[in-house]
Amino acid sequence: MEKNTSIRTCDLVMKGGITSGIVYPPAVLALKEHYTFRNIGGTSAGAIAAVGTAAAEYNRDGGGFERLDAVKEWLSKDTNLLHLFQASPETQPLLDILLAGLDSGANGPVTTDGSQAVEEKPFSLFLRFIALLLPGIRPNILPVANRLIHTWTGSYKALKAGGQQGMKWGIVSGLIVAAILALSVLGIVFAITPAEGTHNLWIPLVAFVLFAIAFSTANAWLGMWIGRVVSVFLDFDDLISRRLPANGYGICTGHTSTSEAEQPGVLQLPNLTDWLSDIIDKMAGLAPQAVPLTFGQLQGKQIGLKMLTSNLSHGLPYVLPHGLENFIFNASEMERFFPRYIVNYLCKHAPRKATQKRASGTSYVVPPELLPEGYYFLPDAEKIPVVVGARLSLSYPLLLSALPLYTVSMAAAQAYGQNPNQERLGEQDLQKNWFSDGGICSNFPIQFFDAWLPNRPTFGINLTSVRNTANISALEAIPKEKSHAIDMSAEEQNEKVYLPRAEEYQGVEWQHMDELQTFLWAIFGTAQNYRDTTQTNLPSYRERVVQIRLDATEGGLNLAMPESAIKSIIAKGEEAGKILSPTSFSFDHHWWVRFLVLTAQLEENVEELQHVLKQKEFKERLEKQWRSNDGSGEIYPYYRSKEWCEQAEQRIADIQRWVKDWQEAGKKSKDGADFFRHDAPMPNPVLRVTPEV
């Protein structure tokens, strides 16, 4: 295929995937050789990659992409990726469980300090006893328990305290049993030799000592394990019910506070948000820990950046940065999640008075000066640091803390409207909103930068699993004489990185289910991804979305991937970037498919439009709307004047003439009204009004 040298800009959208995000830097580095990035978007881990790409593009001439390459190399070494996820002291046991349960591949299990264990440590006597007592226990439970025991023995206070307490009670119970048995021996001695019983007191004394040693030792061991189990159970009850919610419903806050860093045993490595803030500054060529990169600075260089976050309190997705308007932050709370210079910047640029107009032109719910002490409206969209947007988007549920932002309650807003001179609001007048991972609502918002007919490609990088047996669904069952469908070859089906062709239908992935957890996970995955999966398969989408197939040991929650797995992912990312280069991807072909899809949809909707416009009731409804303002009827929503309605009639007449010409042309065609719809790309999409996400 000839290289299309006219393509020099592109948009890029990247899918979420937690640690799978390390696939993106090498893909971006390959793409930057052929394109400059005009718009970048992503969700979750894709949001991290989007921010990094935007920062590197912002400083393209100053070495931004060279620094991105250094980040790629840093992530591939040692256990750097794992160390970015540092638990708060209160929630460390949950991270220990997560790491103990991860399959770390050929290098063996990974300890919570990130070191690779050469071989599994032998099972303790207690676990062997449990295995004998419960022969039907799941085989993967005991190895996980064994790793946790070795991890927690010297570090988990609840385990240590419970063991000590249980051991004490075990010793006491052993002595009691020994005393009872010794008294029984004494009774036997007196019963057998009543005359010489006093001379044989040494027998029950020796028996007591022997019984005490035996039963105290056995009961101390058993009591230690019972105490450990009970203590850990009670501690986990407190952890789940109190400490985890207090930590923002997450194991890791993403930020290491000064007090935590000073604690003994805490790794002197950056936490995720601290690291991300630092590398963004470096890639953008900004002074470290000074002024963060903002959405407005990117816009100043014609770089668009969009991310998605999920407001769990509203049950809605919000597109960043503009979706944050009228949300409020608490400065002291933000210091738990962000470096201090980020929080200071937010406070400095937060509006302080109602006279400070928003860039969007909208007004404040209440004047900023009425907010409670320590609470501020977020700055305008262009003043928000990009790291704040990224952190809002990548709050992986339970792994990373959700972020709290506030809104003014409806009652407080109405009270202000009735009494503008009221005093400062109280904290009870604010409603806390929890923001979590954007992937909850849409993990792959490929539609972010869509246009009816684009003038540059919007590439997508989609992360999928290594293909299982694919099957043909109703979505794929389209006659080939109608769709010109191309079957994937056997070699293509097994490729780890693959860009579908425009006329190619990919088999629907089939998942084997044989247990409850697989069934429940499939429910969540279907609810989360069905929209993204369906859209990615549509013509004019699929041929610009490269598929990167990862196996079970690559990405996902595999925080402790061995270096070999990381390098495999990086190699796949590099291949994806090469596939999307102008030598492999034809924008002209993509544009042609998009044109066919659009015109077919226009043709279908023109008929519906004409049916409505030619009705006599249409003009009557316009007149009824503007006459309603004279007091004779109910005022319509979004009221328009008589003059506006008269101009609207003229414009509608123009549309009717256009529709008539379209239909007259159809009459002259052998295909009639189905000129564009005949043999249109399949599956057939729809053209309708929808939200941005």
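**Helix packing, a surface patch and salt bridges**

Helix α2 (residues 45-58) packs against helix α3 (residues 64-75) at an angle of about 145°, and their axes lie 7 Å apart. Two packed helices are described by the angle between their axes and the distance between the axes. An axis here is a line fitted to C-alpha atoms, for helices over the stretch in contact, and the angle, from 0 to 180 degrees, is taken between N-to-C directions. Helices are DSSP runs of H or I with at least four residues, numbered from the N terminus.

On the α2 side, T53, A56 and E57 make the contact, and on the α3 side G64, F65 and L68 do; contact means heavy atoms within 4.5 Å. The residues of this contact divide into three nonpolar, two polar and one charged. In this division Ala, Val, Leu, Ile, Met, Phe, Trp, Tyr, Cys and Pro count as nonpolar, Asp, Glu, Lys and Arg as charged, and the others, Gly among them, as polar.

This is a predicted model, in which local features need pLDDT of at least 70 and side-chain atom pairs count only at pLDDT 80 or more, while totals for chains, interfaces and linings use all residues. Residues are numbered from 1 along each chain as its sequence is written, and side-chain values use heavy atoms, with hydrogens and water left out.

The surface carries a nonpolar patch formed by L222, I226, V230, F233 and L234, with about 500 Å² of accessible area together. Such a patch joins nonpolar side chains (Val, Leu, Ile, Met, Phe, Trp, Tyr) within 5 Å, from residues with over 30% relative accessible area and no salt bridge. Areas come from the Shrake-Rupley method with a 1.4 Å probe, and for residues only the protein chains shown count as cover. F233 lies in helix α9 (residues 202-246). F233 counts as exposed because its relative accessibility is 61%; buried means under 20%, exposed over 50%, and partly exposed in between.

The next topic is charged pairs. A salt bridge is a side-chain nitrogen of Lys or Arg within 4 Å of a carboxyl oxygen of Asp or Glu, and by this rule the count comes to 18. In one of them, the closest N and O atoms of K32 and E33 are 2.9 Å apart; E33 is exposed, at 56%. E335 and R340 form another, at 3.9 Å. E335 is partly exposed at 30%, and R340 is exposed at 55%.

R657 and D654 also meet in a salt bridge, at 2.0 Å from N to O. These two residues are separated by about one helical turn, because they are three residues apart in helix α23 (residues 642-668).

Note on methods
Patches are made of residues with over 30% relative accessible area and no salt bridge: like charges are joined within 9 Å, nonpolar side chains (Val, Leu, Ile, Met, Phe, Trp, Tyr) within 5 Å. Buried means under 20% relative accessible area, exposed over 50%, partly exposed in between (1.4 Å probe, protein chains only).
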